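Please have a look at the sequence and the model first.

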Amino acid sequence: MGKVNYFLTEEQQMIVDLARQIAEEKIVPVRAELDEKEEFPWDIMKDLAQADLFGLYIPEEYGGLGGGCFENCLALEQLAWGCIAVTTTYAASALGGYPILLFGNDEQKSKYLPDIASGKKLAAFGLTEANAGSDAGAIQTTAVEDGDYWVLNGTKQWITNGGEAEIYTIIALTDKHKGPRGASAFIVEKSDPGFSFGKKERKMGLRASATRELIFNDCRIPKDRLLGRRGQGFIIAMKTLDLARPGIGAIGVGLAQAALDEAVKYAKERIQFGQPIMSFQAIQHMLADMATQIEAARALVYSVARTIDAGEKDIAKLAAMAKLFATDMAMKVTTDAVQILGGYGYMKDYPVEKMMRDAKILQIYEGTNQIQRNVIGQALNKEYTIKKK
Amino acid sequence: MRFVVCIKQVPDAANVRFDPEKGTLIREGVEAMINPFDLNAIEAAVQLKEQLGGEVVCITMGPPQAESALRDALALGVDSAVLLSDRAFAGADTLATTRTLAAGIKKLGGADIVFCGKQAIDGDTAQVGPGLAARLGLNYATCISELEFIKDTNCLKVKRAWEEGYDILEIKLPALVTVLTCINTPRVPSLKGKLKAKKANIPVWGAKDLGLDTSLVGLSGSPTQVVTTCVPKFEAKKEMLEGDVEEKVDTLLNRLKEAGIL
Ligand SMILES: Cc1cc2nc3c(=O)[nH]c(=O)nc-3n(C[C@H](O)[C@H](O)[C@H](O)COP(=O)(O)OP(=O)(O)OC[C@H]3O[C@@H](n4cnc5c(N)ncnc54)[C@H](O)[C@@H]3O)c2cc1C
Ligand SMILES: Cc1cc2nc3c(=O)[nH]c(=O)nc-3n(C[C@H](O)[C@H](O)[C@H](O)COP(=O)(O)OP(=O)(O)OC[C@H]3O[C@@H](n4cnc5c(N)ncnc54)[C@H](O)[C@@H]3O)c2cc1C
């Protein structure tokens with residue numbers, strides 16, 4: 001069977017095979033139950049740690065594998081084929097780790113990255129607040145200098161891995177009046193005084209992933225927890241999201257592939273009007289569109305990830321495209337998969353209803369797809385202005 | 001401590017078919033894998049190493065392709081591996097297999113604990129473990145579902161399952177155990193392990209290296225001769241009973257009475 005050759009190295013193929021093995025053996029058998037019970041997937045996190053997958057993107061000197069965005073995408077895609085709630089838990093640890101990797105000093109990297117790479121500790125990334133979603137600049141959490149400490153006050157909302165992670169990277173205002181230069185990034189540890197968690201959110205999908213409030217009430221952290229320079233907070237947040245967004249695209253590709261696999265399998269078996277529904281051209285055309293869109297999204301995600309790893313610095317537009325296209329695709333493909341399974345697709349006896357419920361989050365978190373379009377639009381505007389000169 | 005795990009490469013049971021004409025397994029196109037019980041043997045050994053220190057060596061007797069089973073084992077926390085392979089080893093029964101494995105383990109310098117699976121899913125005899133223990137003069141226990149090292153007495157405390165219950169035994173080291181699949185959950189391979197496994201040098205030892213007389217190994221060293229094999233045919237009449245539980249039970253009772261069984 002013709003498969004697109006993405007020219008993976010032997011090591012990259014190994015990552016794919018290993019992540020797929022974990023998805024098949026460890027994730028698929030428990031995903032429905034984790035979803036039903038809204039249970040945090042600790043056992044699977046241990047398996048992923050044992051498999052060294054938490055360290056894919058972390059340099060070898062900090063205990064990682066020294067891979068890049070592409071290796072991370074390969075793993076995310078296969079894990080997402082199993083369950084994107086589990087995958088989001090894993091991916092959010094990288095989201096919390098990226099700011100340290102990108103902007104941490106040597107001491108911060110040596111202190112935190114090895115535990116993130118080994119999977120001994122999970123990380124999380126806290127930007128969003130009740131009044132600051134797409135408009136990240138509206139955050140109200142503050143960090144004030146006090147001798148050898150920073151003192152944080154405020155509440156972060158909907159933070160993936162909140163309460164489960166040990167290491168948090170938090171964006172907080174340090175100079176309110178300075179606008180885009182008004183925020184800074186900090187590392188907060190779970191055990192820091194004045195740091196607590198709100199209740200676990202109940203969600204439509206992504207139910208095995210933990211989403212909680214982070215509450216800072218005179219939370220005192222040592223001075224050396226400041227990441228990068230004071231005033232760099234929003235830049236750190238944007239660079240982090242730029243690096244992570246192709247990964248969300250990869251999750252979309254893996255999820256959509258799983259939905260297609262279920263839909264084709266079902267269409268070949270389901271008999272109506274005396275024949276498998278696969279024989280109806282209307283069904284075939286839907287499946288054909290699904291398969292084609294998945295492959296197009298995969299090609300885009302892979303190319304963007306490789307471009308990032310090749311050292312391209314101006315990646316905001318490309319990362320947004322990969323996230324936007326692949327996650328809109330995943331929403332459409334999972335919805336169509338439910339359609340192909342008909343009433344059975346709507347029932348919990350088949351996995352596609354969960355896939356459709358889960359898919360929706362991909363269009364919302366790490367920047368809604370409207371915001372991705374804004375990013376792409378603004379980049380185009382800039383590109384063409386420069387060209388004219 | 002040195003832990004030696006004996007593993008066998010077997011055809012993937014889920015996909016294997018039998019050629020009723022020739023009476024042999026159709027191995028073409030069927031993926032080979034580590035005997036499932038042996039994955040638990042590896043896990044048991046690696047867990048003990050993580051607890052007590054030492055090394056885990058994996059050994060298999062098989063054709064050159066069996067090397068891939070050893071590489072898979074290396075990705076699961078095994079430290080080194082040896083392949084016992086020689087044309088002369090082909091066609092071995094359990095007796096000849098234990099001779100070869102025993103010679104291999106001796107050449108390794110012996111072992112504090114040898115781990116085997118309870119049985120291989122293709123040969124199914126469950127004889128290799130006990131046979132090997134006898135040949136190496138090791139204390140042994142089969143069908144182990146739990147295991148613990150007791151330092152004070154240099155013993156393994158094991159739970160041995162049998163049909164009606166279980167025994168708790170203490171066996172002095174050096175010892176051999178054969179394990180059940182319920183003893184643990186085999187870990188997933190690690191990427192670093194896989195990378196290491198890919199590059200690992202796996203020595204191949206033949207009859208000469210082991211100082212074995214070729215008349216004592218393989219087919220010529222095997223008193224067992226497989227004269228013929230056949231696929232059992234299931235020709236008995238069968239019938240699915242219809243209806244709810246009550247109806248089914250009534251029908252079943254009637255059938256049993258009709259047949260004179262009740
Ligand atoms: C399950 C889950 C997990 C999450 N995990 C994290 C996490 O780990 N860390 C973290 O920091 N955040 C996290 N978030 C927050 C997430 O990133 C935000 O929900 C997201 O950025 C959107 O913000 P909002 O929900 O406040 O929507 P709003 O910003 O209120 O948007 C509402 C609607 O308006 C649209 N809109 C807003 N502004 C514009 C505009 N300028 N142009 C066009 N349309 C616009 C949006 O696209 C959307 O459709 C998580 C959210 C969820 C639901
Ligand atoms: C159709 C058929 C019929 C056979 N009939 C007989 C017979 O009647 N009598 C007979 O003696 N042989 C017979 N054999 C040969 C026998 O199956 C094996 O070749 C062999 O001796 C191993 O026995 P086993 O597979 O039953 O292993 P078991 O004794 O069931 O295996 C137990 C454990 O021993 C270890 N082990 C087994 N084989 C190896 C190996 N090659 N390398 C490393 N470790 C190993 C593993 O830890 C394994 O889990 C037959 C083979 C076939 C194909």
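## An exposed aspartate

A:D43 counts as exposed because its relative accessible area is 60%; buried means under 20%, exposed over 50% and partly exposed in between, with a 1.4 Å probe and protein chains only. A:D43 sits in helix α3 (residues 42-50) of chain A, where helices (H or I, at least four residues) and strands (E, at least two) are DSSP runs numbered from the N terminus. From A:D43 to A:I376 the sequence separation is 333 residues, and their C-alpha atoms are 39 Å apart.

This is a predicted model, in which local features need pLDDT of at least 70 and side-chain atom pairs count only at pLDDT 80 or more, while totals for chains, interfaces and linings use all residues. Residues are numbered from 1 along each chain as its sequence is written, chains are lettered from A and ligands numbered from 1 in the order in which they are written, and side-chain values use heavy atoms, with hydrogens and water left out.

## The cavity

The structure holds one cavity of 30 Å³ or more, and the largest cavity has about 80 Å³ of space. Of its 13 lining residues, A:N72, A:L76, A:Y98, A:A244 and A:G247 are the closest to the centre. On a 1 Å grid over the protein atoms alone, a cavity is a set of points where a 1.4 Å probe fits but cannot get out, a pocket is an open set with protein on both sides within 12 Å along at least five of seven lines, and lining residues have an atom within 4 Å of a point. Grid points are joined across faces, edges and corners, and a volume is the space filled by probe spheres set on the points.

In chain A, α4 (69-82), α5 (84-103) and α7 (233-269) each supply at least two residues of the largest cavity's lining. Domain 1 (10-122) and domain 3 (235-388) of chain A each give at least three; the domain bounds come from an automatic or database domain assignment. The lining has ten nonpolar, two polar and one charged residues, where Ala, Val, Leu, Ile, Met, Phe, Trp, Tyr, Cys and Pro count as nonpolar, Asp, Glu, Lys and Arg as charged, and the others, Gly among them, as polar.

## The second largest pocket

About 1,200 Å³ of space lies in the second largest pocket. It is lined by 43 residues, and those closest to its centre are A:T128, A:I364, A:Y365, A:E366 and A:G367. By class, that lining divides into 21 nonpolar, twelve polar and ten charged residues. α7(A) gives the most to this lining, with six residues.

## A bent helix

How far apart are the end C-alpha atoms of helix α6 (residues 106-118) of chain A? They are 18 Å apart, which agrees with the 18 Å that its 13 residues should span at 1.5 Å a residue; the expected span is 1.5 Å times one less than the number of residues. α6(A) bends by about 35° at A:Y112, and the proline A:P114 follows within four residues. The bend is the angle between axes fitted to the seven residues ending at a residue and the seven starting there. Among the buried residues of α6(A) are A:Y112, A:L113 and A:D115.

## Backbone details

A:L206 has a positive phi, near 55°, though not a glycine, and lies in the loop between β6 (195-197) and β7 (211-222) of chain A. A:L206 is buried, at 4% relative accessibility. In strand β7 of chain A, A:D218 also has a positive phi, of about 50°, and is partly exposed at 48%.
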